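Reader: Can you walk me through this one? I'll ask as I go.

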Amino acid sequence: MNSLYQSYIRTEALPSLFCPGCGNGIIQMAAIRAIDGLGVRENLACVSGIGCSSWIPCYLNLDVMHTIHGRALAFATGLKMAQPDKKVMVFTGDGDCLAIGGNHFLHACARNIDLTVVMVNNYIYGMTGGQKSPATPMDAVTKTSPYGATDYPIDGCQLALTMGATYVARWTTAHPVQLEKAIWEGLENKGFSYIEVLSQCPVQGGKNLYGEKEPAAILKKYREMAKEGEITLGRFAQNNQRKEYLERVEQCLATQGWEES
Amino acid sequence: MSNIVYNDIIHLTKESKLIELHPFEILDERKQSMDFINLAEEKEEIPRKEPVKMVLQGNEACAKGAIHAGCRFFAGYPITPSTEIIELLAKEMQQVGGAFIQMEDEIASACAIIGARWGGKKAMTATSGPGFTLMQEALGYGVVTETPIVIVNIQRGGPSTGQPTMSSQHDIYQARYGSHGDYQIIVLAPSSVQEMYDFTRKAFVLSERYRTPVILLGDEVVGHMREKIVIEDTQVDENPLKPLSAGSPTTDFFQGGNSLVEGQLHDEEGHRIGHLPQKSGEFLNKLDEKILRNIDEITHINTYFMEDAEVAIVAYGSVARPALNAIKMARGVKDDRISTKFKIVKDVITKGVPQTLQTDYSHLKVGLIKINTVWPFPEEALKRLTEKVDLILVPEMNVGKYCREIQRVVRKVKVVSMPKSGGELPSPRELLDRIISEVGVKPEVREDE
Amino acid sequence: MAQITIDKSCCKGCDICYAVCPKKIFVRSKNRNHYGTNMPDVREPMECTYCGMCQRMCPDGAIQVTREEEPVNEN
């Protein structure tokens, strides 16, 4: 197997539960490359929620916390506060982050706490069999929108920007080089970094959702949509003006004579 | 090892001298002579080895207990009647080098403390009924991942918004069975400010030893009352007992352990086994046995006047206070501290103030079994303690929940439930009158009627 | 020359590698992987440009591309 992959993966847990062609494996590789490139392996821990994307870090040979649906950001906040000098990475999905985890997402952005969040957006609830998510496009037919979705989809990047995240980017699994770079920059950013990755769930999404069934075809579609401007990709914010949460707390205590330890 | 403390003070009779008998305090002359420390003047927590005496509110004592137990992370959300805990720790946690955060809701608070504990910092949160309900999922996660945390529930009247400022014991079953799934849990029920302090410290010790969340089940009465307490020492225990585990990873993060903390049923590596029935069953059994096998070490019960008791009151939490006063009334324990003060205004005093000079209940041989570790349910201990008793009365500020456990276990003795809803503590007279009506002896006519 | 290996215990036969290789080095074959599907074969390793896309894009980390040293010309 790939040597870098082998050095980071708990090989005894393979084969992974990802379906053939699932985008999660591509994102996992991009994350491994970013972590390895930055050299932060010993000082990094991962936290994830529930869903297929939340299994990404479970295969990594690091300290990993696989928590409950929607609450990864809350666990990660506690972990970061207990070990402020370490890096904490969060893997979440469109349902985990925008539906049940919406409130924690808003507050983590507003707090601007130093976390690096990779939100895997496959526009569907894959793990549970293909139900609609808050990101599912209007009119899409899913298991819980058999007549076509009637909701305006929620844009996680716009939310993150509005709430004050200091690094916001969106790429797709068809852009692995840019994705790796974005994760790298997110890890380096001292503040809340939100990287949304448009991904594919060929089994549950498939033709109904992406218009294509084959993983390679979905990837091609993403590249075309990006070129046509149907989806906006790129780095939307890299803002060093807003102070990070723990920095603010430390400063606040220091000015009143208390030293943070 | 027996954790049953026998507080029988049988040598006291009506003729004996005034003794300042604080509820639940073991007599110790040394404590009588110390100076008070005014909490407001204390700027810094200096770890002390000598005992200090101070006047504190129950919630404040709980917060102090947490700090002295080594808690260095608190995440919470304000809710009456637990708010004083978060407020005190907002100030003091950061002063001792810990971290404090007010999260966006109780769910996030419960999650954050689990995250912090894996980051190596002892962690606690405090809430009341509505918040406790929200925390159940995270509590289950703490149980299955074997994370040591402390959750404080200062009970108020429920259900739902219920009675925000009134006490209750409604959540006794929720503390045990609130989360979905099969699990054991340790729950402590303090009855005084001293116990709010002591039991909080104990909760941390138990949570680390058994690698489990521990619930401190207080209530509004104990949370908001002010009493004098003695703090023996403010040092964290340097030699804790070895932690027990059912097989989950135990290494904190960033120690090179590459721990995989997993909410699904898992093996020692953290890999999921939920799809394997036999392994899953074994793991669940191990989780249960971790606590049940050690029930003797965990159980903590105080008894008062049980040596020759024919009637036992089994109580927990703040209800144990009027229960003890009832015992004192019946046994003729002189309590001039109360009666001398109120001598002049005797007519104005409402029912419930113990009049200890000549009680109508002196013929009753009553004792109190005060259960401090309400869960795991101390089956064997209760059976033993009630062997020679003819009647058990179980007063509770709920519809009679814990009584069902006692009835289930104690078969040879008549167990009478005494529920009280609405938020008022039962008075000592109410308890004694009920005993008399059960026992079948009419009370003598009282002078004031 | 590149040494390109595909691990049959990892490959799930998702067919992404065929599409992402700019030199079309991967071809369909009748070989089976442990997942039970058909896995690719390497057509012509000489044409590999070491772009690394197959390594990045294989979701299961099955592909390893190693650059083999060219013999040094001493002249």
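This is a predicted model: local features need pLDDT of at least 70, side-chain atom pairs count only at pLDDT 80 or more; totals for chains, interfaces and linings use all residues.

Reader: How many bridges join strand 2 of chain A to strand 11 of chain B?

Author: Three, and the two strands run parallel. Strand 11 of chain B covers residues 260-262. Strands are DSSP runs of E with at least two residues, helices are runs of H or I with at least four, and both are numbered from the N terminus. Two strands pair if DSSP finds at least two bridges between them.

Reader: What's the strand order in the sheet?

Author: The order is 7(A)-5(A)-6(A)-4(A)-3(A)-1(A)-2(A)-11(B), an open sheet of eight strands with mixed pairing. Strand 7 (234-238) of chain A and strand 11 of chain B stand at the edges; each has a single partner strand, so one side of each is left without a neighbour in the sheet. From one strand to the next, the twist averages 15 degrees. Angles run from 0 to 180 degrees between N-to-C directions, and axes are lines fitted to C-alpha atoms, for helices over the stretch in contact.

Reader: And strand 1 with strand 3 of chain A, how many bridges there?

Author: Five bridges join strand 1 (residues 44-48) to strand 3 (residues 87-93) of chain A, and the pair is parallel. Ala45(A) stands opposite Val88(A) in strand 3 of chain A.

Reader: Which strands does helix 2 of chain A touch?

Author: Helix 2 of chain A packs on the sheet against strand 1, strand 4 (116-121) and strand 6 (193-198) of chain A, and its direction makes about 160 degrees with that of strand 4 of chain A. Helix 3 of chain A also packs on the sheet, touching strand 1, strand 2 and strand 3 of chain A, at about 175 degrees to the direction of strand 3 of chain A. Contact here means that the C-beta atoms of two residues, placed from the backbone, lie within 7 Å.

Reader: Back to the A-B contact. How many residues from each chain?

Author: It takes 28 residues from chain A and 34 residues from chain B. On the chain A side, strand 2 (63-66), helix 3 (72-82) and helix 5 (102-111) each supply at least two residues. The largest share, eight residues, comes from helix 3 of chain A. By class, the side of chain A that touches chain B has 15 nonpolar, 10 polar and three charged residues. Ala, Val, Leu, Ile, Met, Phe, Trp, Tyr, Cys and Pro count as nonpolar, Asp, Glu, Lys and Arg as charged, and the others, Gly among them, as polar.

Reader: How many residues of chain A are in contact with chain C?

Author: 23 residues of chain A are in contact with 20 residues of chain C. Helix 1 (3-8), helix 2 (23-38) and helix 9 (215-228) of chain A give two or more residues each to that side of chain A. Helix 2 of chain A gives the most, with five residues. The side of chain A that touches chain C divides into 15 nonpolar, six polar and two charged residues.

Reader: What's in chain C itself?

Author: Chain C has two helices and four strands, in the order β-α-β-β-α-β from the N terminus on. Buried residues make up 39% of its 75 residues. A residue is buried if 20 or more other C-beta atoms lie within 10 Å of its own, exposed if 12 or fewer, and partly exposed in between, with C-beta atoms placed from the backbone.

Reader: Is Val27(C) buried or exposed?

Author: Val27(C) counts as exposed because it has 12 C-beta neighbours inside 10 Å. Val27(C) is found in strand 2 (residues 26-27) of chain C. Not counting residues up to four places away in sequence, Val27(C) touches Pro40(C), Asp41(C) and Arg43(C).

Reader: Last one: at what angle do helix 12 and helix 16 of chain B pack?

Author: At about 65 degrees, with their axes 8 Å apart. Helix 12 of chain B spans residues 320-331 and helix 16 of chain B spans residues 428-439. Their contact has eight nonpolar, one polar and no charged residues.

Note on methods
Residues are numbered from 1 along each chain as its sequence is written. Chains are lettered from A and ligands numbered from 1 in the order in which they are written.
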